[in-house]
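Hi,

Here is the structure I promised to pass on.

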Amino acid sequence: MADREFDLVLFGATGFVGKLTAQYLTQAAPAGARIALAGRSTEKLARVRDELGPAAAQWPLLVADSSDRATLDDLAARTKVVVSTVGPYLRYGLPLVQACAEAGTHYADLTGEPLFIRECIDRFHDRAVETGAKIVNSCGYDSIPSD
């Protein structure tokens with residue numbers, strides 16, 4: 001993965017939680033971290049990036065859609081880690097997890113959906129082990145209600 005273009009891609013950066021995550025990254029990401037914002041609309045992504053201030057001014061914008069497998073495959077192949085805030089995950093998340101498992105890209109989300117987590121394990125665990133991808137669900141406060 002050393003030759004990947006990005007260290008982290010935030011998928012769903014224009015949504016409420018995506019914006020909060022992007023704000024956090026402007027303050028918490030290590031200096032030199034190669035971060036990109038991803039979503040369905042370049043215009044919306046640009047507005048979010050502009051609101052983040054100078055720390056994010058050079059972050060690339062990637063257009064990707066959960067219903068377009070080719071864009072997800074491309075996104076996963078370009079980064080070491082994908083953080084997804086796009087839910088409901090059972091409806092929109094499985095293609096991205098599959099793309100990450102196939103590409104050997106680490107993946108994290110904040111799902112609180114047990115059925116989605118079970119589906120991820122059943123469908124993508126073995127492939128993720130083969131490629132070295134770490135698939136980590138429920139990395140956030142959204143997981144608490146379902147707990």
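Let me start with glutamate 102, which is partly exposed at a relative accessible area of 39% (buried is under 20%, exposed over 50%, partly exposed in between, with a 1.4 Å probe and protein chains only). Its salt-bridge partner is arginine 127, with the closest N and O atoms 3.1 Å apart (the criterion is a side-chain nitrogen of Lys or Arg within 4 Å of a carboxyl oxygen of Asp or Glu). This pair links distant parts of the chain, 25 residues apart: arginine 127 sits in helix α6 (residues 114-131) and glutamate 102 in helix α5 (residues 94-103). Helices here are DSSP runs of H or I, at least four residues, numbered from the N terminus. Arginine 127 is partly exposed too, at 31%.

Before you read on: this is a predicted model, where local features need pLDDT of at least 70 and side-chain atom pairs count only at pLDDT 80 or more, while totals for chains, interfaces and linings use all residues. Numbering runs from 1 along each chain as its sequence is written, and side-chain values use heavy atoms, leaving out hydrogens and water.

Helix α6 also holds arginine 123 and glutamate 119, four residues apart, about one turn of the helix. Their side chains meet in a salt bridge at 3.6 Å, N to O. Arginine 123 is partly exposed at 44%, and so is glutamate 119 at 29%.

Aspartate 74 and arginine 78 form another salt bridge (3.4 Å, N to O). Shared partners join Glu5, Asp74 and Arg78 into one network. The whole structure has nine salt bridges.

Cheers

Conventions:
Helices (H or I, at least four residues) and strands (E, at least two) are DSSP runs, numbered from the N terminus.
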